[in-house]
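Me: I would like to learn how to read aromatic pairs. Please start with the structure itself.

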Amino acid sequence: ISGLIDELKPPTSIPRNASKIYTHGMDKMSRLLRQMARVVVSIGTAQLLRRQVANQLNFLCKLDSKLLSCSLSAVNSALLADVKAHYLRPDSKEYPANPLLPEVSKHLDTAGFNNPLTKIYITSEPLHGLAFTIFLFVVRKIWVRE
């Protein structure tokens with residue numbers, strides 16, 4: 001992967017023999033890209049399910065308990081306003097050390113007032129070549145579709 005990445009430098013321009021480099025990279029990594037397709041499909045399915053569950057929870061919360069829904073929305077807006085005020089003027093406004101933040105977050109998740117696609121569940125160190133591998137994966141999928 002390192003050799004292919006070096007051939008594509010600088011990243012601000014398209015190399016002269018880009019299609020040759022991409023084809024060579026896809027040939028070298030074809031087995032990995034096929035395995036990656038299964039993983040990407042399963043991750044995408046899980047993301048769609050998480051989003052559907054959150055939408056369903058939100059709809060049922062608004063339908064069954066309008067008062068709870070409006071209260072959570074108002075508290076969330078107030079807490080977000082405090083956090084935004086800190087980031088607009090960090091030198092004069094401290095980050096809100098409010099003990100309600102974790103509790104309200106749990107209630108918002110339970111009521112579906114969240115976007116599960118923006119949640120970070122785990123973190124890791126940057127993986128060398130991951131961006132290039134994902135790029136080749138997308139290019140391969142585009143070429144297969146045509």
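Me: How many aromatic pairs does a search of the whole structure find?

Reply: Two aromatic pairs are found, where rings of Phe, Tyr and Trp (its six-membered ring) pair if their centres lie within 6.5 Å. This is a predicted model, in which local features need pLDDT of at least 70, side-chain atom pairs count only at pLDDT 80 or more, and totals for chains, interfaces and linings use all residues. Residues are numbered from 1 along each chain as its sequence is written, and side-chain values use heavy atoms, with hydrogens and water left out.

Me: Why is the pair of Tyr-22 and Phe-135 edge-to-face?

Reply: A pair of aromatic rings is described by the distance of the centres and the angle of the planes. Planes under 30 degrees apart count as stacked, over 60 as edge-to-face and the rest as tilted. The centres of Tyr-22 and Phe-135 are 5.1 Å apart and their planes are at 70 degrees, so this pair is edge-to-face.

Me: Where in the chain are Tyr-22 and Phe-135?

Reply: Helices are DSSP runs (H or I, at least four residues), numbered from the N terminus. Tyr-22 is in helix α2 (residues 18–28) and Phe-135 in helix α6 (residues 130–145), so the pair links distant parts of the chain, 113 residues apart.

Me: Is Tyr-22 buried or exposed?

Reply: Buried means under 20% relative accessible area, exposed over 50%, partly exposed in between (1.4 Å probe, protein chains only). Tyr-22 is buried at 16%, whereas Phe-135 is partly exposed at 34%.

Me: What are the values for Tyr-87 and Tyr-95?

Reply: Tyr-87 and Tyr-95 are 6.4 Å centre to centre, with 75 degrees between the planes, an edge-to-face pair. Tyr-87 is exposed at 58% relative accessibility, and Tyr-95 is partly exposed at 43%.

Notes. Helices (H or I, at least four residues) and strands (E, at least two) are DSSP runs, numbered from the N terminus.
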